[in-house]
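Let's take a walk through this structure together, one stop at a time. Have the sequence and the 3D view open side by side as you read.

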Amino acid sequence: MKNIYPALLVFLACLIGCQPAQAPDPVGATPSTNHLRWHALEYYAFVHFSMNTFTNEEWGHGTESPETFQPTALDCRQWARICRDAGMKGIILTAKHHDGFCLWPSAYSTHTVAQSPWRDGKGDVLRELSAACQEYGLLMGVYLSPWDRNHPAYGTDAYNEVFKNTLREVLTQYGSVFEVWFDGANGEGPNGKKQVYDFPGFIQVVRETQPGAVIFSDAGPDIRWVGNEQGFASDTNWHTLNRDDYFPGTPRYRELTQGNPGGTHWVPSECDVSIRPGWYYHADQDTAVKTLEHLSRIWYGSVGNGSNLLLNIPVDRRGLIHPADSARLMAFKQWRDQRFSTDLAQGRPVTASATRGRGYEADRLTDGQVATCWAAPDGVTTATLEVSLPRPTPVAHVRLEEYIALGQRITSFKVLAHVPGSTGDGWQEVGKGATIGAQRIVAFEPVTADQIRIEISSALAPPVLAALKVFQAP
């Protein structure tokens, strides 16, 4: 019997060692399921198309005749096909801008497509876009401006109920909506009065009718504006925000660009920018479409800094995406494919200076699975990670992703490349940054490396990373 005990002890030790490590505790505000789905999209289209398209305005006046709205060849399938082929995941349409013109036959307005000659007054842009998005596998979102320069009730208590009914109409008749977009514009209506918006009531309508949608405004409640219309987030970009300190129309734009570390709510930023100088189509801007170089800088500054990119495409007076915009979108897609299609680190071994234990090993960073992660032990807020490449290879990008389901933690990091044959120990610093969040793309001049090292210099809590990806120089 005495010989059984050593074997039993070995068995018990093995059993204990095979148990998964305890999961890290969440830190601070964490994303909802809707947030996680939204983060995964990264890139989708804004389409500004409405009365302003035909009046050559950016902000309409509400006095335009509905007969002005006359697209000659409107084809939402063309929009959806181009957006899909450009690598976008959805389309958000300006269903009602500040002038109050509705792109669907609303029962709560007399300033709609039903009063226009288009489709003999029987047209419905929202319905056509909804069908096109379903056909091409895209998500649909809607922009509805609370400001209405046409509606006679604007500026009175009754208008808030009108706008809620308008919201409910849109959000119950056109299928699933992934994002509802509000801005804080608030000017005078036709009676010369401004409106006191019932944003809590507006939000409640969205929650009731589209529980899977995220709501955007300057201050959320779900997604925040990045504080500029150039398409750039800050190097420091927290997905958390002290939400109650801000409001639609807030003047604190710079704070929205960076967010608040340890903020009370998960309210990540979205970068909205137009592919042209204007948001609506203007024929004199056909030669002013942003260059590929400009779009690449926007990509690094938005998606590369942890935000989602909402790129506006101004549909022209025919009701089609102009060839100049389409060509640039396809070139932009090719540019991204050349750089980010092949992850050299996938499946490669990774070593870490500290690991939490079984289930959180460093190799989880390169396994290609979104549900796995590497995690540091409790009490550890710095770490070094190294991935070995198959052979010395020219590399120019590293992409890092935090496991944001447990919160955002990392506050500073460096990227180093091991260059065989170079002076010293061969390690060269090629990039650095502050926050990481949902994703961080570090771009640098190409170097021929056989290893990549990530040095996490500081974090709010033990760091937890979901992915480490390395991309070859094109």
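## Inside and out

The largest cavity holds about 50 Å³ of space. There's one cavity of 30 Å³ or more in the structure. Keep in mind as we go that this is a predicted model. How do you look for empty space in a protein? Rolling a probe the size of a water molecule over the atoms shows where empty space is left.

Which residues sit around that largest cavity? The lining is made up of Lys 96, Gly 100, Cys 102, Tyr 108, Ser 109, Asp 148, His 151, Tyr 159, Val 162, Phe 163 and Thr 166. Sorted by class, the lining has five nonpolar, four polar and two charged residues. Helix α6, which spans residues 157-173, gives the most to this lining, with four residues.

The largest pocket has a volume of about 1,000 Å³. It is lined by 36 residues, and the closest to its centre are Glu 42, Val 370, Arg 399, Glu 401 and Lys 469. The elements that give two or more residues to its lining are α2 (33-41), α10, β13 (383-402) and β17 (464-472). Of these, β17 gives the most, with five residues. By class, the lining of the largest pocket divides into 17 nonpolar, nine polar and 10 charged residues.

The second largest pocket comes in at about 390 Å³. Among its 20 lining residues, those closest to the centre are Trp 59, His 98, Trp 181, Asp 183 and Glu 229. Its lining has 10 nonpolar, five polar and five charged residues.

The largest nonpolar core has 73 residues, and Phe 69, Trp 79 and Leu 167 touch the most other members. Helix α6 turns up again here, giving the largest share of this core, six residues. Apart from this core lies another one, of 32 residues, among them Leu 389, Phe 413, Phe 444 and Val 447.

Trp 79 is worth a stop of its own. Leaving aside its neighbours within four places in sequence, Trp 79 is in contact with residues including Val 47, Phe 49, Ile 91, Leu 93, Leu 129 and Val 315. Trp 79 is also one of the buried residues of helix α4 (residues 76-85), along with Cys 76, Gln 78, Ala 80, Ile 82 and Cys 83. An α-helix has 3.6 residues a turn, so residues three or four places apart point the same way.

What covers the buried residues of α4? The cover includes β1 (43-47), β2 (90-96), α5 (125-135) and α10 (323-340). Look at the two ends of α4 as well. At its start, a side-chain oxygen of Asp 75 reaches to within 3.0 Å of the backbone nitrogen of Arg 77. Just after α4, Gly 87 takes a positive phi of about 90 degrees.

Helix α10 contains Pro 323. Is this proline buried or exposed? Pro 323 counts as exposed because its relative accessibility is 51%, and the cut-off for exposed is over 50%. Along the sequence, Pro 323 and Asp 286 are 37 residues apart, yet their C-alpha atoms are 9.1 Å apart in space.

Tyr 174 has a relative accessibility of 3%, so it counts as buried. Its side chain makes a polar contact with the side chain of Asp 124, at 2.6 Å. Leaving aside neighbours within four places in sequence, Tyr 174 is also in contact with Trp 104, Pro 105, Leu 126, Arg 127, Ser 130, Met 140 and Glu 169, among others.

The last stop is Arg 356, in the loop between β11 (350-352) and β12 (374-375). Is this arginine buried or exposed? Arg 356 counts as buried because its relative accessibility is 14%, and buried means under 20%. A polar atom of the Arg 356 side chain lies 3.1 Å from the backbone oxygen of Ala 376. Beyond its neighbours within four places in sequence, Arg 356 is in contact with Ala 21, Gln 22, Ala 23 and Pro 24, and also with Ala 375, Ala 376, Pro 377 and Asp 378.

Definitions and conventions: Residues are numbered from 1 along each chain as its sequence is written. This is a predicted model: local features need pLDDT of at least 70, side-chain atom pairs count only at pLDDT 80 or more; totals for chains, interfaces and linings use all residues. Side-chain values use heavy atoms; hydrogens and water are left out. Buried means under 20% relative accessible area, exposed over 50%, partly exposed in between (1.4 Å probe, protein chains only). A polar contact is a pair of N or O atoms within 3.5 Å; within protein, one must be able to donate a hydrogen and the other to accept it, and residues adjacent in sequence count only if both atoms are side-chain atoms. Contact means heavy atoms within 4.5 Å. On a 1 Å grid over the protein atoms alone, a cavity is a set of points where a 1.4 Å probe fits but cannot get out, and a pocket is an open set with protein on both sides within 12 Å along at least five of seven lines; lining residues have an atom within 4 Å of a point. Grid points are joined across faces, edges and corners, and a volume is the space filled by probe spheres set on the points. Ala, Val, Leu, Ile, Met, Phe, Trp, Tyr, Cys and Pro count as nonpolar, Asp, Glu, Lys and Arg as charged, and the others, Gly among them, as polar. A nonpolar core is a set of buried Ala, Val, Leu, Ile, Met, Phe, Trp, Tyr and Cys residues joined through side-chain atoms within 4.5 Å.
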